[in-house]
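Thank you for making the time this morning. Let me put the model up on the screen, and then I will walk through it part by part.

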Amino acid sequence: MPGAVLEMIGVSKGFPGVRALADVDFRLFPGEIHALMGENGAGKSTLIKVLTGVYSADAGEVRLGGERVSVTGPQHAQTLGISTVYQEVNLCPNLTVAENVFIGREPSKAGAIRWREIRRRAAELLTRFGVDVDPGARLDTCSLAIQQLVAIVRAVDISAKVLILDEPTSSLDRDEVEQLFTVMRRLRDDGVAILFVSHFLDQVYEVSDRMTVLRNGALVGEYQTARLSRIDLVGHMTGRTLSTLEQLHVRDETARVQAEPVLKADGVGRKGAIAPFDLEIHPGEVVGLAGLLGSGRTEAARLMFGADVADSGTVALGGASVPLRSPNAAIQHGVAFCPENRKSEGLIEDLTVGENIVLALQAANGWLRPLSQAKRQELVGRYMTALRITPADPDMPARNLSGGNQQKVLLARWLITQPKLLILDEPTRGIDVGAKAEIQKLVVSLAEDGVAVLFVSAELEEVLRISHKIEVLRDRRLIAEIGNAASVTPEGILEIIANGTTS
Amino acid sequence: MKAVTGHRLFWPAAVLVVMLLANLVVTPGFFSIQVRNGHLYGSLIDILLLGSPLMLIALGMTVVIATGGIDLSVGAVVAISGALACYLISGQEDQGAVTGVLVAVALALVLSAALGFWNGLFVARVGIQPIIATLILMVAGRGVAQLITSGKNINVNSPPYKLIGGGYWLTLPFAVIVVAVVVALTGLAVRRTALGMLLEAIGGNAEASRLVGIRSRRLVVLAYTFCGLCAGIAGLMISSNISTADGNNAGLWMELDAILAVVIGGTALTGGRFTLAGTILGALVIQTLSTTIYTTGVPSQVTLVFKAVVVAIVCLIQSPAFRAKVFRRRARPEAPPPASPAAADVEVNA
């Protein structure tokens with residue numbers, strides 16, 4: 001094997017309160033496609049940002065072609081031969097494909113840009129990479145896949161040593177991914193070193209030669225893709241083995257009421273988000289959605305609330321088919337939704353805690369029928385006490401609360417409306433252990449009172465602990481439904497995710 | 001102490017008080033109010049009277065800005081409203097007939113509200129950016145006003161109409177009473193119903209508001225309609241005060257003064273939390289400034305520059321970021337050498 005084109009030795013990077021990278025070694029060889037694997041927060045993006053000079057490392061060194069370099073920024077990285085293409089294409093949609101390839105470095109003669117040469121050379125490059133597109137077409141008329149390929153062609157033409165592709169496939173469909181892989185393989189054969197980040201295991205196994213796995217900012221190992229089984233890879237990424245598995249509380253599965261389902265989804269799907277799936281949730285039932293990041297968990301949950309509009313299938317709420325074109329339709333039928341992203345989609349930080357809590361009920365009542373001051377105080381007080389929201393000051397701006405308390409405010413907001421179905425997307429993410437346990441207990445007791453719950457979480461233990469039924473998703477597809485029982489383990493679910501045959 | 005300076009209305013109120021006091025120094029009789037012919041007279045009354053249209057427009061603007069929008073067309077609506085009312089009155093045989101004036105006023109207000117509704121539809125239904133959506137009417141509206149007046153100024157001689165912007169009732173200027181009533185009703189409407197909270201929710205976080213089930217479209221349309229109505233009333237006041245409809249100049253650039261009043265009052269242009277009382281203070285600050293310029297005899301060629309400088313200073317004083325910087329700089333020499341820059345910040349802000 002030739003020497004590494006890019007090497008990181010003992011690189012560490014910390015942020016206040018977080019160790020994003022701890023003593024990480026990383027090697028990238030010419031002519032390979034190298035996958036960088038890890039869960040969310042494992043340090044993948046930090047590593048890329050150190051490589052491209054967005055961050056400077058606290059310790060360790062970066063070597064390019066054996067020479068120590070200190071990259072000062074993405075521009076500098078590019079002159080050194082390290083180019084990055086992000087998921088969101090950083091090109092100009094209002095310019096043509098050819099202009100985008102050469103923007104900022106147009107061939108010119110006596111100060112005048114040589115347009116004909118730009119078009120000719122762009123056409124040449126595109127043909128060489130097998131990208132079938134008219135160089136004179138405006139970029140925004142091209143599909144996202146083509147835009148990404150154009151970005152890659154541009155990056156490679158500028159400097160062809162190292163190409164970093166950060167989640168390039170997340171918004172592409174199957175054929176487009178294939179097209180991208182063809183180009184990637186061609187570049188690899190030309191000797192380019194490609195660093196590939198993706199959440200899709202299938203794709204990683206299809207295209208990569210080697211991989212580096214990170215977990216919690218630390219290096220787990222470097223592997224040949226062909227010699228690492230999927231189950232081992234998932235194990236390395238999540239750090240779970242049988243020995244560390246905690247004993248799970250076994251739920252009584254047989255006692256489920258066979259009542260009319262609160263929600264029945266029939267072939268509901270949305271292109272580019274989640275393939276059509278069926279789902280039933282009964283009163284008092286907790287249904288868990290399990291899957292890796294990007295598996296379509298959130299997308300499925302959002303369709304059930306009308307937060308996004310499905311383009312196929314029907315949803316029946318309480319037995320009647322309801323077109324979910326907006327959240328209002330779902331809310332009127334007793335569906336509540338706490339979104340994954342508390343700050344940008346849930347909390348209104350300008351408003352007070354009390355106002356945030358009554359908001360859903362008030363929105364349902366309409367502005368002309370305000371809650372009386374007394375009623376409002378009573379409700380807010382009751383739920384703040386019940387959920388133990390601290391500090392117990394309803395007039396404080398909601399932005400000042402801690403994450404766990406903000407989540408409780410969102411829960412209180414919906415519990416006041418007495419929903420029949422509560423959809424919780426990552427309700428315990430990023431909150432402390434105490435608040436987490438409280439929220440889990442709350443979900444269980446709500447279910448005992450007959451509320452149906454759709455529970456989305458990246459933590460399998462948590463899903464197993466509180467769900468009656470688990471829906472497993474992979475690659476934007478619901479691949480399995482399993483009733484929860486003592487025999488179901490996180491490893492079992494990981495295995496389904498890794499090897500699931502239904503696709 | 002902290003409770004007083006920390007109140008959101010402290011800075012606009014302080015600025016207004018300082019301006020009034022500055023006037024008192026230059027013009028000793030500035031605060032005197034006399035009764036003449038059963039009317040109250042004095043510089044303070046003048047500020048209220050002349051500031052009435054701006055207070056109204058800024059009031060409507062506050063509600064729109066709370067939703068995260070902006071309305072650039074209010075100046076044009078002022079012109080249209082005045083033009084329509086004067087056109088209708090001038091066409092009557094007896095310009096002094098109360099019924100005729102009432103009909104003209106009602107029609108002008110209906111048209112103003114309809115124009116606001118139109119803006120609201122553009123923003124909430126069609127999804128055009130507020131600044132562009134209302135720019136259309138800002139430009140086209142002057143043309144509409146010209147059409148109504150056939151390009152000429154329409155003079156009216158109608159005592160009942162004159163009452164709106166130039167008359168007195170119960171010793172007070174009628175316009176000031178109108179403003180007081182509208183402000184009071186608006187205050188009740190936004191704070192006694194859930195309207196204010198829902199508007200703030202929309203402006204504070206549009207996506208979260210959608211996901212919580214707020215029907216934001218109709219509320220946004222309502223806000224723009226109200227803003228149009230306020231501009232319409234202001235248009236009546238302005239044309240009534242001079243008994244003339246001037247399609248070209250009535251309300252010219254008033255949208256900018258109104259936005260300024262809202263900002264000086266402490267409502268952020270980004271939307272969310274709003275304060276009607278702050279806006280009224282802001283409008284009074286701007287009117288006081290204009291009055292000051294006239295009474296203190298600032299040479300006419302430097303009025304605009306003078307105004308700009310004062311406004312810039314007011315805005316800086318209003319900015320928490322600027323205040324923090326200035327106070328930190330002042331505090332630094334007295335503080336012992338800090339261990340780290342972060343520690344210094346904590347010390348000064350505490």
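How many residues does the contact take from chain B and from chain A? Before I answer, a word on conventions: this is a predicted model, in which local features need pLDDT of at least 70 and side-chain atom pairs count only at pLDDT 80 or more, while totals for chains, interfaces and linings use all residues. Residues are numbered from 1 along each chain as its sequence is written, and chains are lettered from A and ligands numbered from 1 in the order in which they are written.

Now to the answer: chain B puts 20 residues into the contact and chain A puts in 23 residues, where two residues are in contact if their C-beta atoms, placed from the backbone, lie within 7 Å. On the chain B side, α9 (195-204) and α10 (206-211) each supply at least two residues, and α9(B) gives the most, with six residues. Helices here are DSSP runs of H or I with at least four residues, strands are runs of E with at least two, and both are numbered from the N terminus. By type, that side of chain B divides into 10 nonpolar, five polar and five charged residues; Ala, Val, Leu, Ile, Met, Phe, Trp, Tyr, Cys and Pro count as nonpolar, Asp, Glu, Lys and Arg as charged, and the others, Gly among them, as polar.

Staying with chain B as a whole, its secondary structure comes to 16 helices and six strands. The C-alpha trace spans about 85 × 60 × 40 Å along its principal axes. For 350 residues a compact globule would have a radius of gyration near 20 Å, and the 22 Å of chain B agrees with that; the radius is taken over C-alpha atoms, and the globule rule is 2.2 Å times the number of residues to the power 0.38. Of the 350 residues, 47% count as buried, a residue being buried if 20 or more other C-beta atoms lie within 10 Å of its own, exposed if 12 or fewer, and partly exposed in between, with C-beta atoms placed from the backbone. Among the contacts in chain B with a separation of 6 or more, 77% come from residues 24 or more positions apart.

Turning to chain A, the division is into domain 1 (6-242) and domain 2 (259-333 + 471-503), with bounds that come from an automatic or database domain assignment. The C-alpha centres of these two domains of chain A lie 33 Å apart, and their contact takes 14 residues from domain 1 and 12 residues from domain 2. On the domain 1 side, α7 (201-207) and α8 (230-238) of chain A are the elements that give two or more residues, and the largest share, three residues, comes from α8(A).

Next, what is the setting of strand β3 (residues 33-37) of chain A, buried or exposed? Five of its five residues are buried, so β3(A) is largely enclosed by the rest of the structure. A:I33, A:A35 and A:M37 point one way from the strand, while A:H34 and A:L36 point the other way. In a regular strand the side chains alternate between the two faces of the sheet. β3(A) is joined in the parallel sense to β10 (residues 193-197) of chain A by three bridges, and to β11 (residues 210-215) of chain A by four bridges; two strands pair if DSSP finds at least two bridges between them. A:I33 has A:I194 as its bridge partner in β10(A), and A:M37 stands opposite A:V213 in β11(A).

Chain A also holds an open sheet of four strands in the order β14-β13-β16-β17, with antiparallel pairing. Its edge strands are β14 (274-281) and β17 (320-321) of chain A, each of which pairs on one side only.

Finally, some backbone details. A cis peptide bond joins A:T390 and A:P391, with omega about -5°, and A:P391 is found in the loop between α13 (373-386) and α14 (403-415) of chain A. A:R388 lies in the loop between α13 and α14 of chain A and, although not a glycine, has a positive phi of about 55°.
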